[in-house]
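Morning, everyone. Please have the sequence and the model open while I talk.

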Amino acid sequence: MAKKDATPGVYAARSLGLSFTLHPYDFVERGGAPGAAEKLQVPLHSVVKTLVMEDDAGRPFLVLMHGDREVDRKALAAAIRAKKVSPCNPETAQKHTGYLVGGISPLGAKKAMPLYVESSICDLPEIYLNAGRRGLLMKLDPRELCRALTAVAVHAAAAG
């Protein structure tokens with residue numbers, strides 16, 4: 001493992017016994033999941049975004065969503081029994097996770113937070129997930145990830 005690939009997310013994945021491969025790419029500011037999918041030549045639907053959100057009481061949580069889908073906030077709020085949910089601003093997201101936006105991983109976050117995953121992600125044979133730094137994704141089995149992190153499956157993808 002190269003020094004630049006030694007992220008808290010990679011260490012956490014290894015400590016959990018997850019099987020994964022690392023896929024570095026040239027990060028483009030504001031490129032997001034579409035930029036990563038294009039650089040790696042993989043389906044955007046398989047590139048999974050890690051979003052840092054909070055409920056109406058200000059409690060943070062993580063959401064995993066397909067790269068080609070947006071979160072339906074009303075559906076997510078109903079699924080987690082909150083009045084409303086909203087995305088955290090970049091500074092707050094960094095404070096909770098220890099990661100820069102564009103490099104947030106659900107693995108190795110600074111603070112333990114509930115993890116919700118769009119249920120259809122679990123149906124994919126493999127996903128590409130941020131490994132803990134901008135320009136580095138890991139390919140792994142989503143079912144293995146969800147079991148290791150005790151993620152809660154929700155239906156929160158916006159219609160589209």
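Let me begin with the second largest pocket. Its lining is made of Ala-12, Leu-16, Leu-62, Pro-106, Leu-107, Gly-108, Ala-109, Lys-111, Ala-112, Met-113, Leu-115 and Leu-149. Sort those by class and you get 10 nonpolar, 1 polar and 1 charged. The space inside is about 150 Å³. One caution before I go on: this is a predicted model.

How do we look for such spaces at all? We roll a probe the size of a water molecule over the atoms, and that shows where empty space is left.

Now the largest pocket. Its volume is about 830 Å³. A total of 34 residues line it. Nearest its centre are Lys-49, Thr-50, Leu-51, Val-101 and Gly-102. Which elements give two or more residues to that lining? They are α2, residues 32–40, then β2, residues 47–55, and α4, residues 90–97. β2 gives the most, with 7 residues. By class, this lining has 19 nonpolar, 8 polar and 7 charged residues.

So let's stay with β2. This strand is mostly covered, with 7 of its 9 residues buried. Who are its partners? Take β3 to start. β2 and β3 run antiparallel and are joined by 7 bridges. In that pairing, Met-53 stands opposite Phe-61 of β3. The two strands form a hairpin with 4 residues between them. Look in the turn for Gly-58, which has a positive phi of about 85°.

Next partner: β4, residues 85–87. Here β2 pairs in the antiparallel sense over 3 bridges. Glu-54 stands opposite Ser-86 of β4.

Then β6. β2 and β6 run parallel, with 2 bridges joining them. Val-47 has Tyr-128 as its bridge partner in β6. For Val-48, the partner in β6 is Leu-129.

While we are on strands, here is one general point. In a regular strand the side chains alternate between the two faces of the sheet.

Is Val-52 buried or exposed? The cut-off for buried is under 20% relative accessible area. Val-52 has 7% relative accessibility, so it counts as buried. What does Val-52 touch, beyond its neighbours within four places in sequence? The contacts are Phe-61, Leu-62, Pro-87, Cys-88, Ala-93, His-96, Thr-97 and Ile-104. Now compare Val-52 with Asp-26. They are 26 residues apart in sequence, and their C-alpha atoms are 23 Å apart in space.

Step back along the chain to Ser-46. This residue is in the loop between α2 and β2. At 11% relative accessibility, Ser-46 counts as buried because the cut-off is under 20%. Leaving out residues up to four places away in sequence, Ser-46 touches Leu-124, Glu-126, Ile-127 and Tyr-128.

What about α2 itself? Its buried residues are Ala-33, Gly-35, Ala-36 and Ala-37. Their cover includes β2 and β7. Just after the helix, Gln-41 takes a positive phi of about 55°.

Back to β6. Why is β6 described as largely enclosed? Because 6 of its 7 residues are buried, the rest of the structure largely encloses it. β6 also pairs with β7, in the antiparallel sense, over 5 bridges. Tyr-128 has Lys-139 as its bridge partner in β7. β6 and β7 make a hairpin with 2 residues between the strands. In this hairpin, Gly-135 takes a positive phi near 85°.

Finish with Leu-64 on your screens. Set aside residues up to four places away in sequence. Leu-64 then touches Val-48, Lys-49, Thr-50, Pro-106, Leu-115, Tyr-116, Val-117, Glu-118, Ile-121, Leu-129 and Leu-145. Thanks, that's me done.

Definitions and conventions: Residues are numbered from 1 along each chain as its sequence is written. This is a predicted model: local features need pLDDT of at least 70, side-chain atom pairs count only at pLDDT 80 or more; totals for chains, interfaces and linings use all residues. Side-chain values use heavy atoms; hydrogens and water are left out. On a 1 Å grid over the protein atoms alone, a cavity is a set of points where a 1.4 Å probe fits but cannot get out, and a pocket is an open set with protein on both sides within 12 Å along at least five of seven lines; lining residues have an atom within 4 Å of a point. Grid points are joined across faces, edges and corners, and a volume is the space filled by probe spheres set on the points. Ala, Val, Leu, Ile, Met, Phe, Trp, Tyr, Cys and Pro count as nonpolar, Asp, Glu, Lys and Arg as charged, and the others, Gly among them, as polar. Contact means heavy atoms within 4.5 Å. Buried means under 20% relative accessible area, exposed over 50%, partly exposed in between (1.4 Å probe, protein chains only). Two strands pair if DSSP finds at least two bridges between them.
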